[in-house]
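Student: Please take me through the side-chain contacts of this model.

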Amino acid sequence: MKQGWELKELRRIGKIFSGNSINASVKEKKYLNQPDGLPYIATKDVGYDTIVDYDNGIKIPISEQSSFRVAPKNSILICAEGGSAGRKMGRTNQSICFVNKLFALSVDNETLSKYVFYWYHTDLFQLDFKSRLTGIIGGVAKGKFEKITIPLAPPNEQKQIVAILDQCFEAIDKAKANIERNLNNSKELFQSELNRIFTQKGDGWVEKKWGDICHFVRGPFGGSLKKSMFVEKGYVVYEQKHAIHNHFNQLRYFIDETKFIEMKRFEVKPGDIIMSCSGVTLGRVAVIPDGIEKGIINQALLKLTPHENVSVHFLKYWLRSKIFQDIILKQSGGAAIPNVPSAKILKEIILSLPALVKQEEIVNKIDLIKTQTKTLESHYKKELDALDELKKSILQKAFNGELTSKEEVAA
């Protein structure tokens with residue numbers, strides 16, 4: 001450690017405390033949409049990108065604040081339990097009340113809160129924090145958290161380090177924003193090309209009802225397929241996730257031969273399309289590839305078998321286009337958890353398509369655009385990864401005492 005620095009436990013540099021839980025019904029009735037008071041911050045209101053959402057609608061009025069733990073301005077919040085423990089964090093720009101699943105650290109006058117906040121982002125802190133996790137859900141007890149140590153520079157040096165980190169990270173964040181914009185543009189470029197192709201309706205294109213070019217089979221309903229019927233090995237029951245993620249590994253459920261024969265109409269074969277039928281992934285599709293294990297679809301899937309003279313990949317791209325996605329969401333009725341309409345309604349949806357030869361030409365063109373887009377996306381993701389690594393490197397230098405001037409950043 002650099003000369004003049006000290007290794008201190010977090011409890012020695014300020015006050016650490018957790019918040020108060022509120023019964024959900026009480027929170028809704030008593031504290032929702034209060035005109036005045038301190039914001040009540042839950043774990044969901046603290047982001048991975050250090051943002052704290054103060055406008056969640058929950059406020060604790062002045063008359064009741066004495067019953068709550070109040071974190072003053074410039075306190076450092078960190079999630080203490082669950083999957084986001086140690087990773088969700090933020091600095092407050094005002095006083096708040098907060099949930100018991102968060103720890104707040106209010107530092108003393110000799111310590112800069114932003115210096116400690118930056119320390120929370122280092123690999124060393126994250127490893128130390130994770131080593132103290134216990135329990136099924138994964139949490140860090142307050143007593144263990146307080147004993148995490150920080151390499152503490154003298155106050156003037158803390159200010160220098162924070163100023164340099166602020167400047168460096170502002171530049172990195174701007175670069176990341178530009179790359180993310182380019183990444184989104186490349187994705188939008190592919191989608192706009194799909195839309196252009198499926199709206200052009202060139203010579204020889206004809207309008208067809210979806211039901212006239214495909215055979216539809218909705219997955220089994222009711223009690224025809226229960227978990228109690230599953231066996232350790234046998235014929236696969238394909239799930240919603242296989243359509244969503246377009247992969248056919250991670251097989252979990254199987255039925256025996258007798259059940260498979262009984263449910264033969266739900267069998268999937270290479271060249272079929274499966275579509276997710278509910279939730280935010282409604283309309284996601286995948287083509288069944290060659291060589292998969294024999295099996296059937298479950299109740300959350302729709303199976304589509306294209307007729308002759310219809311390219312399965314042409315149909316796949318149409319289903320992945322914004323044109324179709326807008327149609328399917330509209331037909332689902334705009335419910336909070338959308339569900340696929342009945343097959344009768346789906347069969348009436350109109351699409352335009354050319355002759356088979358032209359369909360295959362279009363598929364080849366889209367495949368090429370997709371390959372180019374994926375190459376661009378891969379390049380941008382590598383650039384983002386490189387910037388994340390640069391941040392880590394700068395933080396490591398800072399808390400090793402190697403960063404007291406901008407010149408040392410590049411060293």
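Tutor: The model is predicted: local features need pLDDT of at least 70, side-chain atom pairs count only at pLDDT 80 or more, and totals for chains, interfaces and linings use all residues. Residues are numbered from 1 along each chain as its sequence is written, and side-chain values use heavy atoms, with hydrogens and water left out.

Student: Which residues of helix α9 are buried?

Tutor: Buried means under 20% relative accessible area, exposed over 50%, and partly exposed in between (1.4 Å probe, protein chains only). Helices (H or I, at least four residues) and strands (E, at least two) are DSSP runs, numbered from the N terminus. In α9, residues 322–331, the buried ones are F324, Q325 and I328.

Student: Why do the buried residues of α9 line one face of the helix?

Tutor: The view is down the helix axis, and the arc is that of the directions from this axis to the C-beta atoms. The buried residues of α9 line one face because they fall within an arc of 100 degrees.

Student: What covers the buried residues of α9?

Tutor: Contact means heavy atoms within 4.5 Å. The cover includes β15 (273–276), α8 (312–320) and α10 (343–346).

Student: How many disulfides does the structure hold?

Tutor: A disulfide is a pair of cysteine sulfur atoms within 2.5 Å. C79 is buried, at 1% relative accessible area, and its sulfur is 18 Å from the closest cysteine sulfur, in C97, too far for a bond. C214 is buried too, at 3%, and its closest cysteine sulfur, in C277, is 13 Å away, again too far. The number of disulfides is 0.

Student: How many aromatic pairs are there?

Tutor: Rings of Phe, Tyr and Trp (its six-membered ring) pair if their centres lie within 6.5 Å; planes under 30 degrees apart count as stacked, over 60 as edge-to-face and the rest as tilted. By this rule, the count is 21.

Student: How far apart in sequence are the parts that F17 and F98 tie together?

Tutor: The ring centres of F17 and F98 are 5.8 Å apart with planes at 50 degrees, so the pair is tilted. F17 lies in strand β2 (residues 14–18) and F98 in strand β8 (residues 96–98), so the parts tied together are separated in sequence by 81 residues.

Student: What is the closest N to O distance in the salt bridge of E193 and K365?

Tutor: A salt bridge is a side-chain nitrogen of Lys or Arg within 4 Å of a carboxyl oxygen of Asp or Glu. E193 lies in helix α5 (residues 155–200) and K365 in helix α11 (residues 356–399), so the pair ties together parts 172 residues apart in sequence. E193 is buried at 18%, whereas K365 is partly exposed at 42%. Their closest N and O atoms are 3.9 Å apart.
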